[in-house]
Structures are given as structure tokens and as C-alpha cells.
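Reader: I've got a structure open on my screen and I'd like to learn how to read it. Could you walk me through some features, one by one?

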Amino acid sequence: MRTILITGPGGSGRTTLAAATALAAAREGTRTLVLSADRTDILGAALGAATGSTPTRIAPHLTAWRPDAAAGFRDDLSAFQERAANVLDLLGASRLDAEEVTPLPGAEELTLLRALRDAALAEAHDLLVVDLPPAPQALALLALPEELRRYLRRLLPPERQAARALRPILGRLAGVPMPSEWLYETAARWDMELAAVEAVLADRGTVVRLVAEPGPAGADTVRDVTLGLALRGLRPDVLIANRVLPERAADGWPAGPVAQQRKVLDAWQEAYDVRTVAHLGHDPRGTDDLAALHVPAVNDTTSTVEWPVVDRLADDGVLVWRLPLPGAIREDLDLIRRGDELVVAAGQFRRILPLPSVLRRCTVDGAALREGELRIRFAPDPQLWPQTR
């Protein structure tokens, strides 16, 4: 199954183009599901049919789904209260009723990720089009599964579960109660669910597609999003320039905005696979308008970028880890080695990377940013590196 994740600046028309992409694929006979996390039914307005918490058939081969974050949050909280009943009773805590529960910040993102996982595992569709939140929130959402799994492993390491029989004894020796069985089981279930989401996002059949209106604000956002994606080992398969004005002045469009758009488009075409979608002169509504938007078709490209480790031991005595970071600025880069992890900060973005196994036996020997690529040198640690006789 192919998955297309679509994001862009707020107000760029990403939801409309997600709907148009899904409709175009469905009309070619591809079983397509379009997902959105918006609380308001912007997706339904574009499709000309209401969407909601249950998958809705919009057209032949096309289904739309807007998961209900509130219902999902209530179900999760109720399940947690049942599992933690003994602890809550011990603390004298009162239960929350379903009617008084409202979603916390981040519930929409978690609900969308769960829906993405469920749709991928169901295998009921050939194409999944996901209308992600605006670009900053979308980058945080893409990072969420990896970061939550890391937190779980630090707080409740899986290897500690091997000492289940010793926990009562350890609790008496330490004088504090040890985590109970249900806590480890819950952590293991969450880890498995997050791993399934992470697998969908990392699959080579999953691509990230950017939508932006050519202009100064769109150019700034595209540059930032490209760097944020690069730090996650991703790149956009195409950049859709939306609401492009015709170049001919006779068409009635002001010359100033047309020239501004052309300048940005020329710059984009040097760095991206740019596809343009013309301005219809009105907000697209319904399947007829969506069909008039000539969105790029689903292709065989991938958004996954390889981060190779280059062996230069024979020539320079180092291994080089190459991380493509287009748009990165040398002064905004920061690297910290922490055990078997490397903390990389690029501007406003930050990621904790597990080192490849061969580099764990090395020390950092330096780094350089060249031609949009971060090259980190690692020298073998004599105490850990195999010695030849």
C-alpha cells in the first residue's frame, strides 16, 4: 500500500489538494482512503460531502475518514482507569466520568496516528492519503512515535521485565513499591502500537508531499520544513505550488503578485520537483472543482533518504557518517555525543539519533557541513576496536 502524507503552511490549501489527490486516484480505480485530523469538516467541504468519525463513501473507490479525537481519548482514559483501579482506590482518587472528559492537547495527533496505523494494517485500501496538520505541527507529529518510544524505554526498560519474580523482594528491600505487572504490560502494548505507526511512517512506500503558495511566506516555510524533514531522514517527493496565477496580464491578474510568484517558482525549481496547480479564481468545492485541479499522480518515488557510513579508515583513519541536511546553517548546528546516541540540533529542530553499531566503538573526531550535507568523522576507540595481529 502507498501512503501520501500531505502538509504545508496553514492556509496553503493542503486539505483541498489532499482531497483532489485522493479523488484523482479513485477515478483511476485505486481503492483510496483520505484521512484528516481537522476538528472542523474542511475535508468534507472540499469533497462536497460531510465526513466524520466513521469512514464515509464519497465516490466509487473513495472513502473519507475524520477520526473523533474526543471519543478515542475517552475510551483510552476509561480503559486506563479500569487497569489502574487498585492504585486509584489506594490513593483515594475519584473516577472521571466519560461525560466530563475533554481531549487534552495532542489528542488529535495521537488519534490521527492511530487511524493511520489501523488503516495500514487493515489492508482494505491501495492508497492512503493523509491530510496532516500545518507544517510545524506535522513535523512534531512525525517525530512523536520515535520520541514516545524512547521515553518508554528510558522509564520502563523492557529488560527489567525479566526480573518479575524479584520485584516483590526488591520492593521490600528498597522500601518502596515496585511497578506492578499491568504497568509493564501497558508499556509493552504502547511500544508495540507506536512501533507499528513508526513502521508505516518509515516505509519506503510512504512519501511526504509539500503544498505551498509561491510567495515569501511560503518560501520560508518550505525551507524550514525541508530541514525538519531532512533531520528525520525524509525529503518531499514533490512540492506542489498551489494557486499559481497565469502569467499573461490579459487574464486580469495583477502584475505584481504574478511576478512575485514567478520569482519564487524559479528558486523552487532549482531545488525541488515542482508541480504547479492553477488558481481557479474561487475556492474549490465539490468533486467537479477538485477534478479541475491537476494534482500530480501517485508515483514510485520514496521520501526515505539514506544516511551512509563511509569507510575511510585506510586513507584517513576515520569513518564518516553523512547526513544530508539541505538548508542547514553552520552556526545553527550543534552536536552532542551521549553514550550510544548522538544529539543533533539544526536551527529549531532537534533529534536524538541512535548511532549505527560500527560507530558505537568510535569517538567523534570532528564534523563539517559541506554542500548541504553534515559529515561527522568517527575515529576507532583503541580500547573497543578489534585489533589485528
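Author: At 79% relative accessibility, Glu-371 counts as exposed; buried means under 20% relative accessible area, exposed over 50%, and partly exposed in between, with a 1.4 Å probe and protein chains only. One caution: this is a predicted model, where local features need pLDDT of at least 70, side-chain atom pairs count only at pLDDT 80 or more, and totals for chains, interfaces and linings use all residues. Residues are numbered from 1 along each chain as its sequence is written, and side-chain values use heavy atoms, with hydrogens and water left out.

Reader: Where does Glu-371 lie, and what is its phi?

Author: Glu-371 is in the loop between β14 and β15. Its phi is positive, about 55°, although the residue is not a glycine. By the way, helices (H or I, at least four residues) and strands (E, at least two) are DSSP runs, numbered from the N terminus.

Reader: What about Glu-123: buried or exposed?

Author: Glu-123 is exposed, with a relative accessible area of 62%. You'll find Glu-123 in the loop between α5 (107-122) and β5 (127-131), and phi there is near 55°, again a positive value in a residue other than glycine.

Reader: Now sheets. How do I read the order of strands?

Author: Strands of a sheet pair through backbone hydrogen bonds, either parallel or antiparallel. Here, two strands pair if DSSP finds at least two bridges between them. Take the open sheet of 4 strands: the order is β9-β10-β15-β14, and the pairing is antiparallel.

Reader: Which strands are at the edges of that sheet?

Author: β9 and β14 (362-370), each of which pairs on one side only. On average, neighbouring strands of this sheet are turned by 25° against each other, direction ignored; the axes are lines fitted to C-alpha atoms, for helices over the stretch in contact, and angles run from 0 to 180 degrees between N-to-C directions. Strand β10 is joined to β15 (residues 373-380) by 6 antiparallel bridges, and Pro-324 stands opposite Glu-373 in β15.

Reader: And how do I tell what is on each face of a strand?

Author: In a regular strand the side chains alternate between the two faces of the sheet. With 5 of its 5 residues buried, β5 is largely enclosed by the rest of the structure.

Reader: How many bridges link β5 to strand β1?

Author: 5 bridges, with β1 (residues 2-7) and β5 pairing in the parallel sense; the partner of Arg-2 in β5 is Leu-127. β2 and β5 also pair in the parallel sense over 5 bridges, and there Ser-36 has Asp-131 as its bridge partner.

Reader: What does the side chain of Ser-36 contact?

Author: It makes a polar contact with the side chain of Asp-131 at 3.1 Å. A polar contact is a pair of N or O atoms within 3.5 Å; within protein, one must be able to donate a hydrogen and the other to accept it, and residues adjacent in sequence count only if both atoms are side-chain atoms. The Ser-36 side chain also reaches the backbone nitrogen of Asp-38 at 3.3 Å. Ser-36 lies in strand β2 (residues 32-36) and, at 0% relative accessibility, counts as buried.

Reader: Last one: how do I read aromatic pairs?

Author: A pair of aromatic rings is described by the distance of the centres and the angle of the planes. Rings of Phe, Tyr and Trp (its six-membered ring) pair if their centres lie within 6.5 Å; planes under 30 degrees apart count as stacked, over 60 as edge-to-face and the rest as tilted. A search of the whole structure finds 1 such pair. The ring centres of Trp-307 and Trp-321 are 6.1 Å apart with planes at 75°, so the pair is edge-to-face. Trp-307 is in the loop between α11 (286-292) and β9 (309-312), and Trp-321 in strand β10 (residues 318-324), so the pair ties together parts 14 residues apart in sequence.

Reader: Is Trp-321 buried or exposed?

Author: Buried, as the relative accessible area of Trp-321 is 4%. Trp-307 counts as buried too, at 17%.
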